[in-house]
Amino acid sequence: MPHSTMGDVRDLRIVVVGAGMGGLGTALAFAKRGFRDISVYENASNLGFVGAGIQMPPNVMRVLHRLGVSAEIEAEATDVKGTSIRKGSTNEELAHVEMPDIREKYGFPHLTGHRSNLAGSLYNGCKKEPAIKFHFATALVKVTSFSPKPTLVFKPRDGPEFQVEADILLASDGIKSVTRTQMLAELGTVSEEEDTGQAAYRIMLTREEMAHDPEMLALLDSDTVVRWVGEKRHIIAYPVSNHNIYNLSSAQPDTHFAAATNATYTTKASKSDMLSVYHDFCPLVHRMLNLVPDGEVCEWKLRIHKPLPTWVHGSVALVGDACHPTLPHLSQGAAMAIEDGAVLAEVVSKIPADKLNDPETITKTLKVYELLRKPHCSALVDLATHSGRVLHLGEGKAKEERDRLFKENGKSGSVPDKWASPDVQKMIYSNDCVKEANEQFERLFATL
Ligand SMILES: Cc1cc2nc3c(=O)[nH]c(=O)nc-3n(C[C@H](O)[C@H](O)[C@H](O)COP(=O)(O)OP(=O)(O)OC[C@H]3O[C@@H](n4cnc5c(N)ncnc54)[C@H](O)[C@@H]3O)c2cc1C
């Protein structure tokens with residue numbers, strides 16, 4: 001049937017670029033909404049494997065539950081019951097925020113898990129959907145048209161370039177998004193990077209490696225997220241994989257990438273450099289860092305962009321890190337990407353049958369997604385930056401005030417580590433992006 005006579009929104013040809021958390025979540029959300037023609041193109045030859053953990057807050061667990069993949073995730077993840085913010089140098093607790101009732105309060109738990117568990121569960125969900133076709137080892141080279149029908153050029157690893165036409169293109173191609181760069185160029189603007197000045201080590205320690213040390217084992221067996229803070233640096237850590245792996249992720253001044261002339265994002269790092277960055281942290285932290293085998297230290301540059309003027313052009317929308325990359329200090333980056341996909345599936349489902357070939361309706365519908373998501377995501381990106389600044393304060397009045405606020409945490413309902421702050425948790429965790437999309441769609445569409 002030629003597409004010009006299409007009468008069912010579920011027959012729209014949905015092309016997703018990138019199979020990260022955003023792309024997998026988007027593809028699955030469209031399949032669950034009944035869409036029948038979803039193609040996912042991914043540059044890597046498989047899902048890839050980042051040896052790192054991830055926090056999965058209740059707002060994203062709500063979406064993952066609707067997508068039918070939460071049970072598989074919960075089977076391995078840690079159900080977090082509290083967070084402890086400590087002085088890096090002494091291990092002294094600055095604040096302890098109990099989170100015993102997150103599930104009761106928000107309907108879903110706050111989990112920490114292995115990235116491969118989250119990505120694998122989403123992928124398993126996708127594989128059960130005949131509507132979703134994966135094309136690995138296939139890179140998007142360029143978008144030749146954004147409207148009315150997006151056309152794209154792909155280059156498979158072992159073959160010649162080919163062209164694809166879509167009805168809607170959803171670009172979840174990450175921080176280095178080709179689509180974003182081209183979209184902004186077409187709109188006569190550029191996508192400027194904002195220097196965060198920060199880089200991160202990511203470390204995973206096994207139960208076997210920690211078994212000799214009772215203090216370490218206590219961390220591994222806990223249901224607690226621990227953050228050790230120091231001037232310009234911190235380490236956040238939590239158990240994953242049924243308490244068999246302890247995941248540590250840090251943030252420190254970026255000295256290795258700042259001078260680099262190319263756009264490198266990760267690098268093998270030196271263990272002695274890592275130990276010297278955290279030289280004044282307490283013996284417990286040192287013992288853990290010392291467990292990392294030489295040659296297995298990896299450092300990530302933490303990158304963000306200045307807010308974009310728009311996420312949508314023609315029949316193309318950006319998703320996840322492609323449009324709102326964030327510092328990790330609020331643990332919401334992947335959560336936001338997965339929520340984006342769920343919101344897109346809701347709004348696109350609402351395109352009326354007689355408007356399926358009307359480019360203006362498609363653009364306006366995608367703009368509703370942007371109106372729903374951009375203010376929320378921008379606020380969280382700013383909050384993550386702000387939280388990092390406060391966590392990394394050096395000696396002085398501002399730090400004294402911060403530590404006083406940490407001490408009062410129970411009374412004020414607010415702590416300076418915004419991730420752990422009950423008031424911020426309430427704002428983010430109670431957000432039901434799918435419900436909001438359904439409630440707000442008509443009103444927002446009418447404003448365009
Ligand atoms: C240290 C650290 C800790 C973090 N902790 C958390 C956390 O606890 N909780 C949380 O929610 N978030 C966290 N995040 C953020 C989270 O990892 C990201 O926000 C999220 O993974 C973004 O997903 P994405 O799908 O948008 O992009 P990506 O995961 O980057 O996926 C993009 C995909 O597109 C593919 N691609 C790129 N270009 C092309 C092309 N031209 N053609 C085809 N394919 C292409 C890439 O190969 C990749 O697979 C953390 C981030 C860091 C750095």
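Colleague: Which are the buried residues of α2?
Modeller: Helix α2 covers residues 58–66; helices here are DSSP runs of H or I with at least four residues, strands are E runs of at least two, and both are numbered from the N terminus. A residue is buried with 20 or more other C-beta atoms within 10 Å of its own, exposed with 12 or fewer and partly exposed in between, the C-beta atoms being placed from the backbone. Seven of the nine residues of α2 pass as buried, so the helix is mostly covered. They are P58, N59, V60, M61, R62, V63 and L64.

Colleague: What kind of model is this?
Modeller: Residues are numbered from 1 along each chain as its sequence is written. Local features need pLDDT of at least 70, side-chain atom pairs count only at pLDDT 80 or more, and totals for chains, interfaces and linings use all residues, the model being predicted.

Colleague: Why are the buried residues of α10 on the same side of the helix?
Modeller: In α10 (residues 283–290), V285, M288 and L289 are buried. The arc is taken from the directions that run from the helix axis to the C-beta atoms. The three lie on the same side of α10 because they cover an arc of only 95°.

Colleague: Which exposed residues does the opposite face of α10 carry?
Modeller: The buried residues of α10 are covered by elements including β14 (198–206), α8 (214–221) and α9 (271–277). The face turned away from that buried side carries the exposed residues P283 and N290.

Colleague: Which residues touch the most other members of the largest nonpolar core?
Modeller: A nonpolar core joins buried Ala, Val, Leu, Ile, Met, Phe, Trp, Tyr and Cys residues through C-beta atoms within 7 Å. The largest such core has 130 residues. Those touching the most other members are I14, A27 and A317.

Colleague: With which residues is L170 in contact, leaving aside its neighbours within four places in sequence?
Modeller: L170 is in strand β12 (residues 168–171), and its 34 C-beta neighbours inside 10 Å make it buried. Contact requires C-beta atoms, placed from the backbone, within 7 Å. On that basis the partners of L170 are I14, V16, T26, A317, V319 and L344.

Colleague: Is N91 buried or partly exposed?
Modeller: N91 lies in the loop between β5 (82–87) and β6 (93–98). Its phi is positive, about 70°, although it is not a glycine. With 16 other C-beta atoms within 10 Å, N91 is partly exposed.

Colleague: What is the omega of the peptide bond from S147 to P148?
Modeller: P148 sits in the loop between β9 (138–145) and β10 (151–156). The bond from S147 is cis, with omega near -5°.

Notes. Contact = placed C-beta atoms within 7 Å.
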